[in-house]
Amino acid sequence: MRSGKYRSGNLLQSMTSLTQRSSGLVQRRTEASRNAAADKERGSDDEDYEPRQEEEDEKGDSKETRLTLMEEVLLLGLKDREGYTSFWNDCISSGLRGCMLIELALRGRLQLEACGMRRKSLLARKVICKSAAPTGDMLLDEALKHIKDTQPPETVQSWIELLSGETWNPLKLHYQLRNVRERLAKNLVEKGVLTTEKQNFLLFDMTTHPLTNDTIKQRLVKKVQESVLDKWVNDPGRFDKRVLALIFLAHSSDVLENAFAPLLDEQYDLAMKRVRLLLDLEPEAESTKASANELLWAVVAAFTK
């Protein structure tokens, strides 16, 4: 009798365990489905951004070391020990605004208006908000909100001027993004690339951000160097869009030569020769090629016209 009860108890316990395992399996499958759906939805917004992130993950990069185009350009411009950009550099401000537009375009948030029957030039076409989904970056989201809320839309050239405050219209001064370099530097501090110090310049004190993670800076410099040396492809269509944008915007921000400074004379001459080949490209023609990002080439046209 006791043996029967014991077998019944074991059977009941086994059924209960099986039910729990089945339930757990269903829950895991449901959770996996939700994650897959979320990844798919996120991927539709960040078309060119997510593949890059996955590629970096495969190389062992942590999430904190992924840099935006703005952060990369600023990092190239910052003096490692001093922690500030050259006082004589008056190009980086507008260059960083161009980076924002391209970053938002690569993340699927912005695009140029359709051409229509009569094809307009890149600089005549308006910037359209494709998706208002937040990017998670405060500067990008602030710029995106301005563009989304502005009617009628503005051109790429106008947005670079408005976001940098270089406009004669006092009614549009509220579009200016303030303290951009300081905010980008703080982002790099949070990512463990820079640190924060106070330096005295006789008449005033200034917050500076010296380099602390030399590995990330060297990796960035190497990427720029290799793109025009060992990994040169001689075809803009085969370039990684982010690397191509980085070369153009670093040049427009007058910080590209900082990446080439460590090169030997022969390497430097070759690198600059190939950069010149890129700068001599015709943005209008390049924007019509397969897989080209029109807004990227519109920003290039705005700086090279």
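The legends below describe several close-up views of a predicted model.

Residues are numbered from 1 along each chain as its sequence is written. Local features are given where pLDDT is at least 70 and side-chain atom pairs where pLDDT is 80 or more, while totals for chains, interfaces and linings use all residues, and side-chain values use heavy atoms, with hydrogens and water left out.

**View 1. Helix α4 covers residues 92-106.** Helices here are DSSP runs of H or I with at least four residues, numbered from the N terminus. The expected span of a helix is 1.5 Å times one less than its number of residues. For the 15 residues of α4 this gives 21 Å, and the end C-alpha atoms are 21 Å apart, which agrees. A residue is called buried under 20% relative accessible area, exposed over 50%, and partly exposed in between (1.4 Å probe, protein chains only). Because 15 of the 15 residues of α4 are buried, the helix is largely enclosed by the rest of the structure. G108 follows α4 and has a positive phi, near 80 degrees.

**View 2. A salt bridge joins K145 and D149.** A salt bridge is a side-chain nitrogen of Lys or Arg within 4 Å of a carboxyl oxygen of Asp or Glu. For K145 and D149 the N to O distance is 2.9 Å. The two residues are 4 apart in helix α5, so about one helical turn separates them. An α-helix has 3.6 residues a turn, so residues three or four places apart point the same way. K145 is exposed at 52% relative accessible area, and D149 is partly exposed at 43%.

**View 3. Salt bridges also link E113 with K120 and K289 with E286.** The closest N and O atoms of E113 and K120 are 3.4 Å apart. E113 counts as buried at 19% relative accessibility, whereas K120 is partly exposed at 39%. Between K289 and E286 the closest N and O atoms are 3.2 Å apart. K289 is partly exposed, with a relative accessible area of 42%, and E286 is buried, with 8%. A network of salt bridges links E103, R107 and R242. A search of the whole structure finds 14 salt bridges.

**View 4. Five residues form a patch of negative charge on the surface: D90, E161, E166, D254 and E257.** A patch is made of residues with over 30% relative accessible area and no salt bridge, with like charges joined within 9 Å. Asp and Glu count as negative, and the place of the charge is taken as CG of Asp or CD of Glu. E166 lies in the loop between α6 (156-164) and α7 (180-190), and E166 is partly exposed at 45% relative accessibility. D254 lies in the loop between α9 (241-252) and α10 (256-260). D254 counts as exposed at 52% relative accessibility.

View 5. P152 is in the loop between α5 (138-149) and α6. At 54% relative accessibility, S291 counts as exposed.

How values were computed
Patches are made of residues with over 30% relative accessible area and no salt bridge: like charges are joined within 9 Å, nonpolar side chains (Val, Leu, Ile, Met, Phe, Trp, Tyr) within 5 Å. Accessible areas come from the Shrake-Rupley method with a 1.4 Å probe; for residues, only the protein chains shown count as cover.
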